[in-house]
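Student: Please take me through the reading of side-chain features in a model, one feature at a time.

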Amino acid sequence: MGEDLDRSSSPDDAPSVAMLSPRRSVHGCLGGGAVADVLLWKRPTVSFSVLLCVSIVWFLFERAGYSFLSLVANVILSLVAILFFWGKSAALLNRPLPPLPNLEVSEDSIEKISSATRTWINRVLEINHDIAVERNLKRFLEVIISLWLVSFIGSLFSFLTLVYTGVVLALTVPGLYDKYQDRVDKKLCAAHRFLLPYLTKIDNVVLSKIPISTMKQKKIE
C-alpha cells in the first residue's frame, strides 16, 4: 500500500499534473478590483506612486531620523500654510481658490470598510473555533509556525522595515507569479509531492502522542 502510494505520487509526475490543472487567475484571486490592478501593475502610475510614497516614508523614519509626530506636524503645517497664502493671493489677485475636493467620507466607503473588517474578524474567530473546539491539529500547527515566523522576523527588523518589506513584496511577488505561473506551479507541485510522505509521518507521530479524552454523556432522569 505504501509502495503504491509512493509510486503514484512520485515527484516525476508533478509537471504533468501541473500542466493538466487549469491556470488560475491571479487577478481574480486578489479580488479583481482596484487593489488587484495596483498589485499586478495594471495601473503602473498608481503602483509606482504607492511604491515611491512608501519608500519615502521608510527613508524618512528609518534613515533620516524623523519621528511620526514631527513628520505629520510638518506636513500639516506646510499644507495649511500653502492653502492659507493661496487663498489670500487668490482674493487679492482675483484668482480661483484652491481646488479642494469634497472633504467628507461617504456612506459607501464606510460600508466597504465595515464589510472588510467583519470578514477578517469572522476569519479570525473561525480559526479560533477550529483550534479550541474542533481541535484541528493542522490549523494549530499552521498558526504556531506563522506566529513563530512573525516573531523571528520581527526580532531581525523594525516594525516599519517589516511593513515596508511586506509592501514591496506585495507589489512584486503577485506580478512575477502571474507572469511565471506555469513554471512556479510545476516546482511547487513537485515540492509538495516530495514532502508529502514526510509531513504525513510527522502528523501521525504528533497525533499518536496526544491523548484522546473520551467524553461521557450523562443521562438526565
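**Reading side-chain contacts**

Tutor: Trp148 and Phe152 are 4 residues apart in helix α8 (residues 137-156), so about one helical turn separates them; helices here are DSSP runs of H or I of at least four residues, strands are runs of E of at least two, and both are numbered from the N terminus. This is a predicted model, in which local features need pLDDT of at least 70 and side-chain atom pairs count only at pLDDT 80 or more, while totals for chains, interfaces and linings use all residues. Residues are numbered from 1 along each chain as its sequence is written, and side-chain values use heavy atoms, with hydrogens and water left out.

Student: How many aromatic pairs does a search of the whole structure find?

Tutor: Rings of Phe, Tyr and Trp (its six-membered ring) pair if their centres lie within 6.5 Å; planes under 30 degrees apart count as stacked, over 60 as edge-to-face and the rest as tilted. The search finds 3 such pairs. One of them, Phe84 with Phe85, is edge-to-face, at 5.4 Å centre to centre and 75° between the planes. The pair Trp148 and Phe152 is stacked, because the ring centres are 5.6 Å apart and the planes lie at 10°.

Student: Is Trp148 buried or exposed?

Tutor: Buried means under 20% relative accessible area, exposed over 50%, and partly exposed in between (1.4 Å probe, protein chains only). Trp148 is exposed because its relative accessibility is 54%, whereas Phe152, at 42%, is partly exposed.

Student: Which residue forms a salt bridge with Arg139?

Tutor: A salt bridge is a side-chain nitrogen of Lys or Arg within 4 Å of a carboxyl oxygen of Asp or Glu. Arg139 has Glu142 as a partner, with the closest N and O atoms 3.7 Å apart. Both residues lie in helix α8, 3 residues apart, about one turn of the helix. Salt bridges with shared partners join Asp130, Arg139 and Glu142 into one network. Arg139 is buried, at 17% relative accessible area, and Glu142 is partly exposed, at 38%. The structure holds 5 salt bridges.
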